[in-house]
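This report goes through one protein chain, a few places at a time. Please keep the sequence and the 3D view at hand while reading.

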Amino acid sequence: MPEISLVVITFNEENNIESCILSAKDIVDDIVVVDSFSTDNTEEICKKHDVRFIKHKFEGHIEQKNWAISQAKYPHILSLDADEALSPELKNSIYSVKNNWNAEGYYFKRLTNYCGQWIKHCGWYPDKKLRLWDSRKGKWEGINPHDKFELQKGCNKVFLKGDLLHYSFNSINQHVDTSNKFSEIKAKIAFNNGEKPNLFNNFFSPIIKFIRDYFFRLGFLDGFYGFVICVINANSTFLKYSKLRQYYRDKKKNAKN
């Protein structure tokens, strides 16, 4: 039976971190929280539950999560975001795996709660996440802020029953603010990678995204919030390419000066 370390990164997560820890506390053997200098009560809440609380400068989601793994006592890792928690069914599935570990990695279905409503369409469910694995067989990769754990080629992966509960946005304003922030990050990465803006991406990509998520991915079945999610996500695509276009205009303007 392998011993498992729960690894979580945090920043100002006083509203979520306790439920995250409590949902997994009974099935793990070590809990490490890597915090990027929270200014709320995150630290006090974590220490109340006897976790190892470590402060570390945030340099990106991928970088922070890979560093956090290095602080775990055991190589078998359960990785959760602070706003996530295990459903009872998923918790039982992980307990069964712990008694019979026969793969390098295990996938979960993530179910997102948006403004108090569980979203089961819009391309948000089932949101497959690899969150339980042997850390010696892979690392966090991807493009910030969208990270994912990549196992080495040939590793066996198994899908577990139960939902990973994701408590995402408490308000539409919070979603809009996050969308604006992430579109800025994506635009900057695209610019640094030499991606060129064009009229198709700027004007048609947002429309295509809305149609795909709202109609083909059945976002309309999630009612009002399904419509809101699809509009905001389409707008995020529009903002990314608009900001990318602005970066090139600023570059051209600076070159003339």
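## Leu 86 and its surroundings

Leaving aside neighbours within four places in sequence, Leu 86 is in contact with Ser 23, Ala 24, Ile 27, Leu 78, Leu 80, Lys 91, Ile 94, Asp 163 and Leu 164; contact means heavy atoms within 4.5 Å. The model is predicted: local features need pLDDT of at least 70, side-chain atom pairs count only at pLDDT 80 or more, and totals for chains, interfaces and linings use all residues. Residues are numbered from 1 along each chain as its sequence is written, and side-chain values use heavy atoms, with hydrogens and water left out.

Leu 86 belongs to strand S5. Helices (H or I, at least four residues) and strands (E, at least two) are DSSP runs, numbered from the N terminus. With a relative accessible area of 7%, Leu 86 is buried. Buried means under 20% relative accessible area, exposed over 50%, and partly exposed in between (1.4 Å probe, protein chains only). Leu 86 and Asp 163 are 77 residues apart along the chain, and their C-alpha atoms are separated by 6.8 Å.

Where is the place of Leu 80? Leu 80 is in the loop between strand S4 (76-79) and strand S5 (84-86). Leu 80 counts as buried, at 1% relative accessibility. Not counting residues up to four places away in sequence, Leu 80 touches Leu 6, Val 7, Val 8, Ile 9, Cys 20, Ala 24, Leu 86, Arg 131 and Leu 164. One of these, Ile 9, is 71 residues from Leu 80 in sequence and 8.1 Å away in space, C-alpha to C-alpha.

Ser 93 is part of helix H4 (residues 88-99). Its relative accessible area of 15% makes Ser 93 buried. Ser 93 touches Leu 160 and Lys 161, not counting residues up to four places away in sequence.

## Helices H6 and H7

Two packed helices are described by the angle between their axes and the distance between the axes. The axes of H6 and H7 come within 9 Å and cross at roughly 165°. That makes H6 roughly antiparallel to H7. Axes are lines fitted to C-alpha atoms, for helices over the stretch in contact, and angles run from 0 to 180 degrees between N-to-C directions. Angles under 35 degrees count as roughly parallel, over 145 as roughly antiparallel, 65 to 115 as roughly perpendicular and the rest as oblique.

Residues of H6 that meet H7 include Leu 199, Ser 205, Phe 210 and Tyr 214. On the H7 side, the residues include Gly 226, Phe 227, Ala 234 and Arg 245.

## Aromatic rings

A pair of aromatic rings is described by the distance of the centres and the angle of the planes. Rings of Phe, Tyr and Trp (its six-membered ring) pair if their centres lie within 6.5 Å; planes under 30 degrees apart count as stacked, over 60 as edge-to-face and the rest as tilted. How many aromatic pairs does this rule give? The count comes to 18. Among them, Phe 210 and Phe 227 form an edge-to-face pair, 6.0 Å centre to centre with 85° between the planes. Phe 210 lies in helix H6 (residues 199-216) and Phe 227 in helix H7 (residues 223-256), so the pair ties together parts that are 17 residues apart in sequence. Phe 210 is buried, with a relative accessible area of 19%, whereas Phe 227 is partly exposed at 40%.

One aromatic cluster is formed by Tyr 114, Trp 124, Phe 169, Phe 224 and Tyr 225. The charged end of Lys 65 sits over the ring of Trp 140, 4.5 Å from its centre. A charge sits over a ring if NZ of Lys or CZ of Arg is within 6 Å of the ring centre and within 35 degrees of the ring normal. Lys 128 lies over the face of Tyr 107, at 4.8 Å from the ring centre.

## Backbone details

The peptide bond from Tyr 125 to Pro 126 is cis, with omega near -5°. Pro 126 is in the loop between strand S7 (117-119) and strand S8 (127-134).

Asn 12 is a residue other than glycine with a positive phi, near 50°. Asn 12 is in the loop between strand S1 (4-10) and helix H1 (17-24), and counts as partly exposed at 30% relative accessibility.
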